[in-house]
Amino acid sequence: MRDYNLMRNMLVFISNGGERALNDFCHFGDVHSVREELSRLRGEGLIDSDMSFEPEFNGGKVNGLTAEGKAFLRDIENDRVWELIRKTLEDSGLDISYPLLKKVCETIVERYVMSKIPKI
């Protein structure tokens with residue numbers, strides 16, 4: 001199952017700018033998980049990268065977030081909202097693909113914001 005915290009933390013790290021090589025991600029944990037997540041983020045169109053791991057690592061770089069990646073990060077960057085999203089995703093026990101992940105996050109953000117509208 002996808003490590004959603006790893007996904008978020010890597011998106012935040014990438015958003016801080018600068019070209020990133022694979023060894024820049026070593027503080028996130030084991031290399032297999034990092035490679036898998038980078039590959040997934042690239043495949044989902046969230047990061048701009050020429051990094052490839054098949055058939056072997058090509059030495060590419062991560063150049064930053066795509067427009068879609070920046071928009072998605074805005075939905076998940078608030079710690080309070082992220083905790084609601086993370087708990088929902090973990091409680092589901094599912095490894096969901098990006099289109100559904102985006103929809104779930106947008107729904108939670110919408111409900112969170114709507115709950116802040118004062119009653120008149």
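The largest nonpolar core in this predicted model has 32 residues, and M7, L11, L38, F72, I76 and I85 are those with the most contacts inside it. By nonpolar core I mean a set of buried Ala, Val, Leu, Ile, Met, Phe, Trp, Tyr and Cys residues joined through side-chain atoms within 4.5 Å, where buried is under 20% relative accessible area, exposed is over 50% and partly exposed lies in between, with a 1.4 Å probe and protein chains only. Two or more residues come from each of α1, α2 (31-43), β2 (62-65), α3, α4 and α5 (98-114), and α1 gives the most, with seven residues.

A word on conventions: residues are numbered from 1 along each chain as its sequence is written. Local features need pLDDT of at least 70 and side-chain atom pairs count only at pLDDT 80 or more, while totals for chains, interfaces and linings use all residues, and side-chain values use heavy atoms, without hydrogens and water.

Now to the helix pair. The axes of α1 (residues 4-15) and α3 (residues 67-76) come within 10 Å and cross at roughly 120 degrees. M7, R8, L11, V12 and S15 in α1 meet F72, L73 and I76 in α3, and by class this contact has six nonpolar, one polar and one charged residues.

Returning to M7, its contacts, meaning heavy atoms within 4.5 Å, are R2, E37, L41, F72, I76, W82 and L101, once neighbours within four places in sequence are left aside.

Finally, E83 sits in helix α4 (residues 79-92) and, at 39% relative accessibility, counts as partly exposed. The C-alpha atoms of E83 and I108, 25 residues apart along the chain, are separated by 11 Å.

Note on methods. Axes fitted to C-alpha atoms, helices over the stretch in contact; angles between N-to-C directions. Helix = DSSP H or I, 4+ residues; strand = E, 2+ residues; numbered from the N terminus. Nonpolar A, V, L, I, M, F, W, Y, C, P; charged D, E, K, R; others polar.
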